[in-house]
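Welcome! Here is a short tour of a structure, starting with a pair of helices and moving on to a pocket.

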Amino acid sequence: MSEREAMAAAPALKHWRTTLERVEKFVSPLYFTDCNLRGRLFGHSCPVAELSSFLTPERLPYEEAVQQDFRPAQVGDSFGPTWWTCWFRVELTIPEAWVGQEVHLRWESDGEGLVWRDGEPVQGLTKEGEKTSYILTDKLGEKEPRSLTLYVEVACNGLLGAGKGSMIAAPDPEKMFQVSRAELAVFHRDVYKLLVDLELLLGIAKGLGEDNQRSFQALYTANQMVNVCDPAQPETFPVAQALASKFFGQRGGESQHTIHAVGHCHIDTAWLWPFKETVRKCARSWVTVVQLMERNPEFIFACSQAQQLEWVRSYYPGLHARLQEFACRGQFVPVGGTWVEMDGNLPSGESMVRQFLQGQNFFRQEFGKMCSEFWLPDTFGYSAQLPQIMRSCGIKRFLTQKLSWNLVNSFPHHTFFWEGLDGSQVLAHFPPGDSYGMQGSVEEVLKTVAKNQDKGRTNHSAFLFGFGDGGGGPTQTMVDRLKRLCNTDGLPRVQLSSPERLFSALEGHSEQLCTWVGELFLELHNGTYTTHAQIKKGNRECERILHDVELLSSLALARSAQFLYPAALLQDLWRLLLLTQFHDVVTGSCIQLVAEEAMCHYEDIRSHGNTLLSAAAAALCAGEPGPEGLLIVNTLPWKRTEVLALPRPGGAHSLGMSWGEGLLPSPGHRPQHGLCSCSHPHLTAALAAPAACVRSARGECWHVAVGQGLSWAVPNRSVEVLSSPVWSKWRGRAGAGGQVGCWLRDAPADLASRHPPTKTDSSVTLDNGIIRVRLDPTGRLTSLVLVASGREAIAEGAVGNQFVLFDDVPLYWDAWDVMDYHLETRKPVLGQAGTLAVGTEGGVRGSAWFLLQISPNSRLSQEVVLDVGCPYVRFHTEVHWHEAHKFLKVEFPARVRSPQATYEVQFGHLQRPTHYNTSWDWARFEVWAHRWMDLSEHGFGLALLNDCKYGASVRGNVLSLSLLRAPKSPDATVDMGRHEFTYALMPHKGSFQDAGVIPAAYSLNFPLLALPAPGPAPTAAWSAFSVSSPAVVLETVKQAETSPQGRTLLLRLYEAHGSHTDCWLHTLLPVQEAVLCDLLERRDPSGPLLLRDNRLKLTFTPFQVQSLLLVLQPPPN
């Protein structure tokens, strides 16, 4: 026995803290590196033979970059600024004396790097991601070349962008970067292994604590390893390694909790960096993962977001091929099933369906199978309709961890069944370690067990490891840690596993799991419902445009044998929209550069969408006799009685009144909004208008010539219900089914004697016979009466349309959070009397407008509009907003008492409390809704509609709509400037379902289209679709994804009232076969439906979504 071994064997008293710190210093990268083990990790080193660089503002492909003019560079040189790229040519010469050694290129930079070798990317180099060396050779052979050339592509941004002063601050546009290390070095693998073991032993000692026997065993083992290990004498290393192996070889019992460790790399598709930088982040991260999979056959990596894989397929085809290869081996596992990891609150139901449709189709095409789990770890809440959508897209499993961020209440489960709005259930799992970026430490492993909320119900948990958010992914050190901990006494069992193995284990022991019903509401980040109003507006508008384009294109396809459905272009446009619905884009929690890109994408969708609408209109009008004019299109599945603005020469507009059945009356079908049904569709023009072809796209088509002598105008008169039609002029002819094309009507002679807008004490009253609106001299709503019953909707002594301003300073996450204490800073914005003026007077529309100075820097103008036949009053609003950390809302105190309010969500609605009884209630002080929210008591209610807002709340009897915020990070310019938006107020008798709130909100968001009819317009009336039940909404009409000869349509319907209902779907299209399908458009195995007299019977449960394939007959020759 040597003298050193004899001394080490002598027993000695040990002080816990000093022993622990002794081991810590032995592995420290900061202290005593001249003599400790860490200081021996690398041996001999030498500088690179030659370093040269090329700087560019562009993100160039490799083939182009290497042809540029490289100039000499050296370590320490600065380059930049932010978002530029510096390419380095690295000439290497390995010393002859290093034969037999493992040789690394050590590279450290504050920019993200990617190593290229022989024209292919081989590894990411990111200091923040603990990837600072690239293995040139595991063991330098005698015949291996000693000289080689590498290229390192360095992005002028860090792993998490380039925030000025803090991570989420707006990027510093002038930030400069540098390479601080570029050298060759010998890597000592045996030292590395000892370091891994010693760090794990330290973690066990600290994690289990001084009251645990196994903790002391770990500490004493580590201390003994320090005793026997001389960093300067490698021959002592095996003895120390044996001590560690003995400790880790002691196995645990069968009851140990099993941790399923899955490699992961969450990459935000855009956030603190632009979309184009994400393309390179994917390459840097995944090429490193490929290395790990090559070196560790048991290592499995889960990868979500089809969009990112599509980018890699396009820009890095070699890497994509390797990913496909490892997918075949089962090591690279696509997960999620969606195009991007979208926001879980704001996208429409149809948008969520398209996320899965595009994502699952991509995964099937590129990797041979679809995903079986929905993977959404970092989204700011989860809609109650997601379980139904998931199930209908072939997914029964769900993983996230974001609810661990709840500010108020701890979510009570980590493994549970999640039940959606319609009753659909999925198995949900939240990794108990509350992170998707673990690093394989003992502390994280122990936390996963300790924090598990479902102990006793399940004995398996997920452990997602790898640097995330900005990419990076797992490292070899993480993999080695987890391998070492595979089955060690005192710790849970750790397996390098897959999502499939995890969920299979959970499903095998699920009988004791609890069920959570309804939405998964994140008690944080609720400012994202409002931040970046222009993005919110662009999202809503583009969802509408794509809906309308698909509908008109489908009808054109059915009506015209020559029309080609624009499937490829529509897919591209949908993918653009889905991209912007990423959870840091549509939410507004991104930098200015990303917001500008999103606005460009919206403009592309608008531009192409309008072109496609015109093409469909031209196809619908082709081949029919009649004059040229306008195609007035109703893209909603019910009749509408509305005022619309018809274009006139010179850019002016004239008001017209359209009555359209919209859908053929069916048994039990009742007109909406309580308006009288007319036997024929008709249109009234307030001023002379050009000839118009009027078509209800999901109902009647008709032709009308609106010309001189067929119009009427009544100046200086208030809006008035035209309750007794006076038929005087008619143009048109009998159409299909004997329906008359169109009616025109003169104004009743006594209209001038009806109630004009009255102005008393500087207030204004608008009255259309359905509702009566009274505005005070500053534009606030003092009265809103439902005329038929005389019921007042505004609370006694209160005023509606009250703008309020709040201080809005969160704790940290500026663009993300609005805190509960902002409610304590409420300041009503008081207008100045005399600014209220009458706008449009009489005829089919009445309005008043006013100006409001919000602050010295911000102002608002608003037109309050009431149309004939309209059950709601609209507030067209323009705001010039220049604030800092302020929050603008508008409030409506209602003469209604109810403990809960109703909010529209995807394909339905849900209730939330109006009180703060519990912490779960008051944590929802700011919530989200889509097109409407409603506060009702028995027999009466008040609905607040909007065309582009999402943030909302109802506290007590006050309905509040969130309008604008003014955070300063990560975008210092967010929301500054001009905004336009519309909201509307609708008092109603009875329930909101029976009163037609849902179709009213649709109508506000889907205005009638007035499209130029470039050729002769059809004169025959025809109806495309009708639905007999007002509870069922025909949401989508499109060409099916798989459509033989292009003659198959996809219809999507949902039950909107929350009821069991049977309904008849009627169509006049030439349908050959009808069959139900899922959301991925896979046919129901039960076969075709019975189609009789062009009618189908459908049965719905509450909030159920159903999809239907209609195979059209071949067009006539």
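## Where two helices meet

In α2, the residues W16, T19, L20, R22, V23 and F26 meet S215, F216, L219, A222, N223, V226 and N227 of α5; contact means heavy atoms within 4.5 Å. Eight nonpolar, four polar and one charged residue make up this contact (Ala, Val, Leu, Ile, Met, Phe, Trp, Tyr, Cys and Pro count as nonpolar, Asp, Glu, Lys and Arg as charged, and the others, Gly among them, as polar). Helices here are DSSP runs (H or I, at least four residues), as are strands (E, at least two), numbered from the N terminus.

This is a predicted model, in which local features need pLDDT of at least 70 and side-chain atom pairs pLDDT 80 or more, while totals for chains, interfaces and linings use all residues. Residues are numbered from 1 along each chain as its sequence is written, and side-chain values use heavy atoms, leaving out hydrogens and water.

## The largest pocket

The lining of the largest pocket counts 34 residues, with L41, E130, T132, Y192 and T477 nearest its centre. A pocket is an open set of points on a 1 Å grid over the protein atoms alone where a 1.4 Å probe fits, with protein on both sides within 12 Å along at least five of seven lines; lining residues have an atom within 4 Å of a point.

Two or more lining residues come from each of β6 (102-109), β9 (133-137), α4 (189-208), α7 (275-295) and α13 (476-484). The most come from α4, with five residues. By type, the lining has ten nonpolar, 13 polar and eleven charged residues.
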